[in-house]
Amino acid sequence: MQRWLLSLLLAVGCIIAHAQTDSIYVWNKWCAKADTPLLFATANNVICVYSKTLKPSMLTVKSLDNALKISAPEIKGDTMFFMAMPYPKLGRHMRLAITNKLTKKVIRTVTFGAEEPPRPVAKIGKYPGPDVPKADVVAQKALRVGFANSLYCYPYLVKQYTIKTRIAGTDLMKQVKGPFFDKEVQRILELAPAGTFIIFTDIKATCPECSDRDLPELRIWLR
């Protein structure tokens, strides 16, 4: 009888522990895939911790490795936030322990990977060039910023650009403030036939808490 009761208690304890682990969600706000525990070296990483069953005030977080540096956490609503950084910048062992403040038990350990984010580049829709279907170009409303072959998604915004092209023997150029395609730019894109070469140059972008920066030219062929 005692053995049966002990086995039952252990089974219940395992179920509760597993449920708590499954109810803890950890993600990098600036990673495009929330289920990928990835940190970006020399870039902005905001780690979010959310629990279905525990209030954020009932949780504590601790770095288990010297290569993972974290800031003091803040709580906003039902989520805990804190900055994280790989140091050295591509540290291999970066584990984060999330503990129940009341029981002092670790309820989840997250192991992060690290990657160096590439330089931001301008793109039209999902295309960073060079060949872009004309229908997709015409459907877009703005010049956007992305990180080629990377999950980094910090919110950069185009502040200005110049579009240059040649249509029917006539050189066309338009300087634009902001990311959007104004009426003249839209007209140029609609008039340009397949095979037209278009350059977006003098591109400047900005992001929260960072200085303006120059982006490489975006060169596309309409197809």
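User: What covers the buried residues of α3?
Analyst: The cover includes α2 (134-139), β14 (157-167), β15 (170-177) and β16 (197-206). Contact here means heavy atoms within 4.5 Å. Helices (H or I, at least four residues) and strands (E, at least two) are DSSP runs, numbered from the N terminus. This is a predicted model: local features need pLDDT of at least 70, side-chain atom pairs count only at pLDDT 80 or more, and totals for chains, interfaces and linings use all residues. Residues are numbered from 1 along each chain as its sequence is written, and side-chain values use heavy atoms, with hydrogens and water left out.

User: Which residues of α3 are buried?
Analyst: Val185, Ile188 and Leu189, in a helix that spans residues 183-191. They fall within an arc of 95° seen down the axis, so they line one face of α3. The arc is taken from the directions from the helix axis to the C-beta atoms. Buried means under 20% relative accessible area, exposed over 50%, partly exposed in between (1.4 Å probe, protein chains only).

User: And what caps the N-terminal end of α3?
Analyst: Asp182 does. One of its side-chain oxygens lies 3.2 Å from the backbone nitrogen of Glu184.

User: Back to β14 and β15. In which sense do they pair, parallel or antiparallel?
Analyst: Antiparallel, over eight bridges. Two strands pair if DSSP finds at least two bridges between them. β14 and β15 form a hairpin with two residues between them. Ala168 sits in the turn and has a positive phi of about 55°. Ile167 stands opposite Thr170 in β15.

User: Switching topic. Where is Asn100, and is it buried or exposed?
Analyst: Asn100 is in strand β8 (residues 95-100). Asn100 is buried, at a relative accessible area of 4%.

User: How about the whole chain? How many helices and strands?
Analyst: Three helices and 18 strands. Of the 223 residues, 39% are buried. Among contacts with a separation of 6 or more, 61% come from residues 24 or more positions apart.

Conventions: Polar contact = N/O pair within 3.5 Å; in protein donor to acceptor, adjacent residues only side chain to side chain.
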